[in-house]
Amino acid sequence: MQDVAWLLLKSWQRKYNEDILTFACYFHDISAFKPYRPDGKFDHAEESAKIMPKLAVEYGINDADMINTIVEAVKYHDKRGCGTANETKLLRNADAIDYLGFMAVARDFSKQPNDMSKAIAALKKHLNEFSALLELESAKRMAEPRIEKLKTFLYEFEQESFGLY
Amino acid sequence: MPDMERMQKHLLDLGGTYIYNHARRCLVIAKKLAEEV
(Lines give C-alpha, C1' and ligand atoms only; values in the text may rest on other atoms or scores of the structure.)
Protein backbone atom coordinates (compact mmCIF):
# COMPACT_ATOMS: atom_id res chain seq x y z
CA MET A 1 0.00 0.00 0.00
CA GLN A 2 2.87 2.31 0.88
CA ASP A 3 4.43 1.64 -2.53
CA VAL A 4 1.21 2.57 -4.31
CA ALA A 5 0.97 5.79 -2.32
CA TRP A 6 4.59 6.60 -3.16
CA LEU A 7 3.99 5.99 -6.87
CA LEU A 8 0.88 8.17 -6.80
CA LEU A 9 2.78 10.93 -5.03
CA LYS A 10 5.61 10.77 -7.58
CA SER A 11 3.07 10.84 -10.38
CA TRP A 12 1.36 13.95 -8.97
CA GLN A 13 4.69 15.68 -8.52
CA ARG A 14 5.57 15.19 -12.17
CA LYS A 15 5.05 18.23 -14.32
CA TYR A 16 4.34 16.24 -17.42
CA ASN A 17 2.19 13.32 -18.43
CA GLU A 18 4.34 10.23 -18.93
CA ASP A 19 2.16 8.76 -21.68
CA ILE A 20 1.99 12.01 -23.63
CA LEU A 21 5.73 12.64 -23.40
CA THR A 22 6.59 9.06 -24.36
CA PHE A 23 4.21 8.96 -27.31
CA ALA A 24 5.31 12.37 -28.61
CA CYS A 25 9.01 11.53 -28.25
CA TYR A 26 8.57 8.25 -30.08
CA PHE A 27 6.54 9.50 -33.02
CA HIS A 28 7.49 13.16 -33.53
CA ASP A 29 9.43 12.44 -36.74
CA ILE A 30 7.08 9.80 -38.15
CA SER A 31 6.21 11.70 -41.33
CA ALA A 32 9.83 11.46 -42.48
CA PHE A 33 9.29 7.78 -43.23
CA LYS A 34 7.21 5.85 -45.72
CA PRO A 35 4.30 5.15 -45.74
CA TYR A 36 3.66 8.39 -43.79
CA ARG A 37 6.09 10.52 -45.82
CA PRO A 38 4.27 12.80 -48.28
CA ASP A 39 5.65 13.50 -51.75
CA GLY A 40 7.59 16.67 -52.44
CA LYS A 41 8.74 19.28 -49.95
CA PHE A 42 6.96 19.24 -46.59
CA ASP A 43 7.17 20.38 -42.99
CA HIS A 44 7.86 17.13 -41.16
CA ALA A 45 6.60 18.45 -37.81
CA GLU A 46 3.31 19.65 -39.29
CA GLU A 47 2.81 16.42 -41.19
CA SER A 48 3.69 14.26 -38.20
CA ALA A 49 1.21 16.23 -36.07
CA LYS A 50 -1.57 15.47 -38.56
CA ILE A 51 -0.94 11.75 -38.10
CA MET A 52 -1.09 11.87 -34.30
CA PRO A 53 -4.86 11.78 -33.56
CA LYS A 54 -5.48 8.57 -35.48
CA LEU A 55 -2.24 6.98 -34.34
CA ALA A 56 -2.88 7.83 -30.70
CA VAL A 57 -6.29 6.16 -30.83
CA GLU A 58 -4.70 3.09 -32.43
CA TYR A 59 -2.45 2.90 -29.39
CA GLY A 60 -5.35 3.23 -26.98
CA ILE A 61 -5.05 6.93 -26.19
CA ASN A 62 -8.61 8.23 -26.46
CA ASP A 63 -8.65 11.27 -24.18
CA ALA A 64 -9.14 14.41 -26.31
CA ASP A 65 -6.97 16.62 -24.09
CA MET A 66 -4.14 14.11 -24.20
CA ILE A 67 -4.38 13.85 -27.97
CA ASN A 68 -4.40 17.64 -28.32
CA THR A 69 -1.25 17.90 -26.21
CA ILE A 70 0.47 15.22 -28.27
CA VAL A 71 -0.48 17.08 -31.45
CA GLU A 72 0.87 20.36 -30.05
CA ALA A 73 4.14 18.78 -28.90
CA VAL A 74 4.76 17.14 -32.26
CA LYS A 75 3.63 20.12 -34.33
CA TYR A 76 5.90 22.57 -32.50
CA HIS A 77 8.88 20.32 -31.77
CA ASP A 78 11.04 22.35 -34.15
CA LYS A 79 9.45 25.79 -33.68
CA ARG A 80 10.92 27.99 -30.97
CA GLY A 81 8.51 29.51 -28.48
CA CYS A 82 5.38 27.84 -29.88
CA GLY A 83 2.91 25.93 -27.75
CA THR A 84 2.22 26.03 -24.03
CA ALA A 85 2.37 22.45 -22.77
CA ASN A 86 5.36 21.30 -20.74
CA GLU A 87 5.55 18.22 -22.96
CA THR A 88 6.02 20.52 -25.98
CA LYS A 89 8.92 22.36 -24.35
CA LEU A 90 10.52 19.15 -23.15
CA LEU A 91 10.35 17.45 -26.55
CA ARG A 92 11.60 20.53 -28.43
CA ASN A 93 14.57 21.07 -26.13
CA ALA A 94 15.42 17.36 -25.95
CA ASP A 95 15.23 16.97 -29.73
CA ALA A 96 17.57 19.93 -30.16
CA ILE A 97 20.10 18.55 -27.69
CA ASP A 98 20.13 15.22 -29.51
CA TYR A 99 21.39 17.04 -32.64
CA LEU A 100 24.36 18.63 -30.89
CA GLY A 101 27.72 17.25 -29.86
CA PHE A 102 29.28 13.98 -30.98
CA MET A 103 25.77 12.61 -31.52
CA ALA A 104 25.26 15.23 -34.22
CA VAL A 105 28.49 14.12 -35.90
CA ALA A 106 27.38 10.48 -35.85
CA ARG A 107 23.93 11.34 -37.18
CA ASP A 108 25.02 13.58 -40.04
CA PHE A 109 27.87 11.33 -41.18
CA SER A 110 25.60 8.29 -41.11
CA LYS A 111 23.16 10.18 -43.31
CA GLN A 112 25.88 11.13 -45.80
CA PRO A 113 28.24 8.14 -45.85
CA ASN A 114 29.53 8.90 -49.34
CA ASP A 115 29.87 12.67 -49.20
CA MET A 116 31.67 14.18 -46.24
CA SER A 117 31.28 17.73 -47.56
CA LYS A 118 27.50 17.34 -47.31
CA ALA A 119 27.83 15.95 -43.79
CA ILE A 120 29.99 18.92 -42.74
CA ALA A 121 27.55 21.40 -44.31
CA ALA A 122 24.66 19.69 -42.51
CA LEU A 123 26.54 19.79 -39.20
CA LYS A 124 27.16 23.54 -39.51
CA LYS A 125 23.50 24.13 -40.37
CA HIS A 126 22.26 21.93 -37.54
CA LEU A 127 24.62 23.55 -35.02
CA ASN A 128 22.98 26.92 -35.68
CA GLU A 129 19.42 25.63 -36.03
CA PHE A 130 19.31 23.46 -32.95
CA SER A 131 21.27 25.81 -30.69
CA ALA A 132 18.61 28.41 -31.44
CA LEU A 133 15.82 26.10 -30.24
CA LEU A 134 17.15 25.82 -26.69
CA GLU A 135 14.91 27.70 -24.28
CA LEU A 136 15.03 25.91 -20.94
CA GLU A 137 17.98 26.79 -18.72
CA SER A 138 18.48 23.10 -17.98
CA ALA A 139 18.66 22.43 -21.71
CA LYS A 140 21.18 25.22 -22.26
CA ARG A 141 23.34 23.78 -19.49
CA MET A 142 23.16 20.27 -20.94
CA ALA A 143 23.80 21.53 -24.48
CA GLU A 144 26.76 23.77 -23.70
CA PRO A 145 29.47 21.06 -23.64
CA ARG A 146 27.92 19.42 -26.70
CA ILE A 147 28.08 22.68 -28.62
CA GLU A 148 31.72 23.17 -27.64
CA LYS A 149 32.59 19.59 -28.68
CA LEU A 150 30.84 20.02 -32.00
CA LYS A 151 32.66 23.29 -32.69
CA THR A 152 35.94 21.58 -31.80
CA PHE A 153 35.15 18.71 -34.15
CA LEU A 154 34.39 21.11 -37.02
CA TYR A 155 37.61 23.03 -36.39
CA GLU A 156 39.79 19.92 -36.16
CA PHE A 157 38.16 18.36 -39.21
CA GLU A 158 38.96 21.46 -41.23
CA GLN A 159 42.56 21.43 -39.98
CA GLU A 160 43.11 17.77 -40.80
CA SER A 161 41.42 17.96 -44.18
CA PHE A 162 43.44 21.02 -45.27
CA GLY A 163 40.27 22.91 -46.14
CA LEU A 164 39.34 20.40 -48.86
CA TYR A 165 35.76 20.25 -47.59
CA MET B 1 0.81 3.50 -20.91
CA PRO B 2 0.81 2.78 -24.66
CA ASP B 3 2.22 -0.60 -25.71
CA MET B 4 5.97 0.12 -25.71
CA GLU B 5 6.90 -3.09 -27.53
CA ARG B 6 4.48 -2.25 -30.31
CA MET B 7 5.81 1.31 -30.51
CA GLN B 8 9.36 -0.05 -30.69
CA LYS B 9 8.50 -2.42 -33.52
CA HIS B 10 6.58 0.33 -35.31
CA LEU B 11 9.57 2.66 -35.28
CA LEU B 12 12.09 -0.04 -36.18
CA ASP B 13 9.95 -1.06 -39.15
CA LEU B 14 9.72 2.55 -40.30
CA GLY B 15 13.29 3.75 -40.00
CA GLY B 16 15.43 1.17 -38.23
CA THR B 17 17.58 1.86 -35.21
CA TYR B 18 18.37 5.41 -36.41
CA ILE B 19 14.87 6.69 -35.65
CA TYR B 20 14.15 4.30 -32.81
CA ASN B 21 17.25 5.23 -30.84
CA HIS B 22 16.72 8.93 -31.56
CA ALA B 23 13.24 8.61 -30.05
CA ARG B 24 14.60 6.83 -27.01
CA ARG B 25 17.35 9.41 -26.49
CA CYS B 26 14.79 12.21 -26.79
CA LEU B 27 12.69 10.65 -24.05
CA VAL B 28 15.67 10.21 -21.72
CA ILE B 29 16.83 13.80 -22.29
CA ALA B 30 13.29 15.20 -21.93
CA LYS B 31 12.91 13.52 -18.55
CA LYS B 32 16.26 14.90 -17.42
CA LEU B 33 15.11 18.40 -18.38
CA ALA B 34 11.75 18.04 -16.66
CA GLU B 35 12.88 19.37 -13.31
CA GLU B 36 12.72 22.85 -14.71
CA VAL B 37 9.32 23.09 -16.40
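Chain A splits into domain 1 (2-87) and domain 2 (102-160), with the bounds taken from an automatic or database domain assignment. This is a predicted model, in which local features need pLDDT of at least 70, side-chain atom pairs count only at pLDDT 80 or more, and totals for chains, interfaces and linings use all residues. Residues are numbered from 1 along each chain as its sequence is written, while chains are lettered from A and ligands numbered from 1 in the order in which they are written.

View 1. For the model, the scores are ipTM 0.95 and pTM 0.91.

**View 2. The largest nonpolar core.** A nonpolar core here is a set of buried Ala, Val, Leu, Ile, Met, Phe, Trp, Tyr and Cys residues joined through C-beta atoms within 7 Å. Buried means that 20 or more other C-beta atoms lie within 10 Å of a residue's own; exposed means 12 or fewer, and partly exposed is in between, with C-beta atoms placed from the backbone. The largest such core has 47 residues, and A24(A), C25(A), I70(A), V74(A) and A30(B) have the most contacts inside it. Two or more residues come from each of α2 (18-27), α3 (44-58), α4 (64-75), α5 (86-97), α7 (116-131) and α8 (137-160) of chain A, and from α1 (4-33) of chain B. Helices are DSSP runs (H or I, at least four residues), as are strands (E, at least two), numbered from the N terminus. The top contributor is α1(B), with eight residues.

**View 3. Helix α2(A) and its neighbours.** Eight of the 10 residues of α2(A) are buried, so to speak "mostly covered". They are I20(A), L21(A), T22(A), F23(A), A24(A), C25(A), Y26(A) and F27(A). These pack against α3, α4 and α5 of chain A, plus α1 of chain B; contact means C-beta atoms, placed from the backbone, within 7 Å. Leaving out residues up to four places away in sequence, I70(A) touches I20(A), F23(A), A24(A), M52(A) and A56(A).

**View 4. Chain B against chain A.** Chain B has one helix and zero strands, and 24% of its 37 residues count as buried. In contact are 21 residues of chain B and 29 residues of chain A.

Technical notes
Contact = placed C-beta atoms within 7 Å.
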